[in-house]
Amino acid sequence: MISGIPVPVVSRMLGHSNVRMTLRYAHLGDREIEEAAETVGQAIAAIMKLDND
């Protein structure tokens, strides 16, 4: 996602023929990477908790 907008949507809006072209110009900052890692970690923790109940 780029500022909350899925990359494929941004790609289409810009008229790029494929997402790779958009990704060439879209640079994710460390904050976005950390937020994504936290989201994934929370999802895994929730799944693991469900397995232990």
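In which helix does valine 9 lie? Valine 9 belongs to helix 1, which spans residues 7–14; helices here are DSSP runs of H or I with at least four residues, strands are runs of E with at least two, and both are numbered from the N terminus. The model is a predicted one, in which local features need pLDDT of at least 70 and side-chain atom pairs count only at pLDDT 80 or more, whereas totals for chains, interfaces and linings use all residues. Residues are numbered from 1 along each chain as its sequence is written, and side-chain values use heavy atoms, with hydrogens and water left out.

The protein as a whole contains three helices and zero strands, and along the sequence its pattern reads α-α-α. Of its 53 residues, 9% are buried; buried means under 20% relative accessible area, exposed means over 50%, and partly exposed lies in between, as computed with a 1.4 Å probe and protein chains only. The protein exposes about 4,700 Å², of which carbon and sulfur atoms supply 60%. Such areas come from the Shrake-Rupley method with a 1.4 Å probe, and for residues only the protein chains shown count as cover.

In general, an α-helix has 3.6 residues a turn, so residues three or four places apart point the same way. After helix 1 comes glycine 15, whose phi is positive, near 80°.

Valine 9 is partly exposed, because its relative accessible area is 39%. Together with Ile5, Met13 and Leu14, Val9 forms a nonpolar patch on the surface, and the four have about 390 Å² of accessible area together. Patches are made of residues with over 30% relative accessible area and no salt bridge, with like charges joined within 9 Å and nonpolar side chains (Val, Leu, Ile, Met, Phe, Trp, Tyr) within 5 Å. A salt bridge is a side-chain nitrogen of Lys or Arg within 4 Å of a carboxyl oxygen of Asp or Glu. Valine 9 is also ten residues from valine 19 in sequence, and the two are 9.1 Å apart in space, C-alpha to C-alpha.

Which residues does serine 11 contact, leaving aside its neighbours within four places in sequence? They are His16, Asn18, Val19 and Thr22. Serine 11, in helix 1, counts as buried because its relative accessible area is 4%. Its side chain makes a polar contact of 3.0 Å with the side chain of threonine 22. A polar contact is a pair of N or O atoms within 3.5 Å; within protein, one must be able to donate a hydrogen and the other to accept it, and residues adjacent in sequence count only if both atoms are side-chain atoms. Threonine 22 is located in helix 2 and is buried, because its relative accessibility is 2%. A polar atom of the serine 11 side chain also lies 3.4 Å from the backbone oxygen of asparagine 18.

Asparagine 18 sits in the loop between helix 1 and helix 2. With a relative accessible area of 31%, asparagine 18 is partly exposed. The side chain of asparagine 18 reaches the backbone nitrogen of arginine 20 at 3.0 Å and that of methionine 21 at 3.1 Å. Asparagine 18 and proline 8 are ten residues apart in sequence, with 8.2 Å between their C-alpha atoms.

Technical notes. Contact means heavy atoms within 4.5 Å.
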